[in-house]
Amino acid sequence: MSYIEISGLAFTYEDLVMRFDLEVEQGAVMAIIGPSGAGKSTLLALIGGFEEPLAGRIVIDGQDITALPPAERPVTTLFQDHNLFAHLSVAQNVGLGLHPGLRLTPDDRAAVAWALGEVGLTGFEDRLPGQLSGGERQRVAIARCILRKRPVLMLDEAFAALGPALRREMLSLVLDLKSRENLTVLMVTHDPADAAFAADRTAFIAAGKVVRSGPTAEILAATDPDIRAYLGT
């Protein structure tokens, strides 16, 4: 049994009928690639509970989570827009991952300090987002995600706005955290180089379906016409 099992997950957006089937092993990094509008972000939204499927099931670690509200799912999502509040300090922005009202206990504050240490931001607690670089802001957002202690981390084109060197740095950080925290990672990306660098396995999505999934090198070298057209080869 796979750690994440998505079967017959149906959703309709405008005139596109989507139906997803996908399996992900525990501890894997699964890249999700495909043309714009294919349904990549929609798949993550369905897993996260931000969209409701018309049919199908989402099972994680043997638990059917299809009907659970987002807050009760064993997943957390990092978006391209890191959603930091400009008027809150770094520590407060991270603390929102524990309590939206920031009523933090001493143990909670210790956990915030731990998360910032994990992403290399010890000493940044009192800074405001406007005082940080783009990479540092993304580190704050990652710290908030790992603070929630959810076993599945989903990246929805989280680093798309960053340059190649900084994007590689953020992916390296995610890989390090994945190993240390035993995470399973789903990563939507528009750049196949991200998949080649970070992902054990890759799923190619087109027209609302998983066309093919497997080892990343195998998918990127596949002869399927849709994949070749997407890669421009």
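This note comments on one glycine and on several salt bridges in a predicted model.

1. Residues are numbered from 1 along each chain as its sequence is written, and side-chain values use heavy atoms, with hydrogens and water left out. Because the model is predicted, local features need pLDDT of at least 70 and side-chain atom pairs count only at pLDDT 80 or more, while totals for chains, interfaces and linings use all residues.

2. Glycine 48 lies in helix 1, residues 40–48 (helices, H or I with at least four residues, and strands, E with at least two, are DSSP runs numbered from the N terminus). Glycine 48 is buried, at a relative accessible area of 2% (buried is under 20%, exposed over 50%, partly exposed in between, with a 1.4 Å probe and protein chains only). Leaving aside neighbours within four places in sequence, glycine 48 is in contact with Pro70, Arg73, Val75 and Met154, contact being heavy atoms within 4.5 Å.

3. The count of salt bridges comes to nine, each being a side-chain nitrogen of Lys or Arg within 4 Å of a carboxyl oxygen of Asp or Glu. One of them joins arginine 57 to aspartate 64, with the closest N and O atoms 3.2 Å apart; arginine 57 is partly exposed at 43%, and aspartate 64 is partly exposed at 38%.

4. Glutamate 181 forms a salt bridge with lysine 149, the closest N and O atoms being 3.2 Å apart. This pair links distant parts of the chain, since glutamate 181 is in helix 5 (residues 164–181) and lysine 149 is in the loop between helix 4 (134–147) and strand 7 (152–156), 32 residues apart. Lysine 149 is exposed at 53% relative accessible area, whereas glutamate 181 is partly exposed at 22%.
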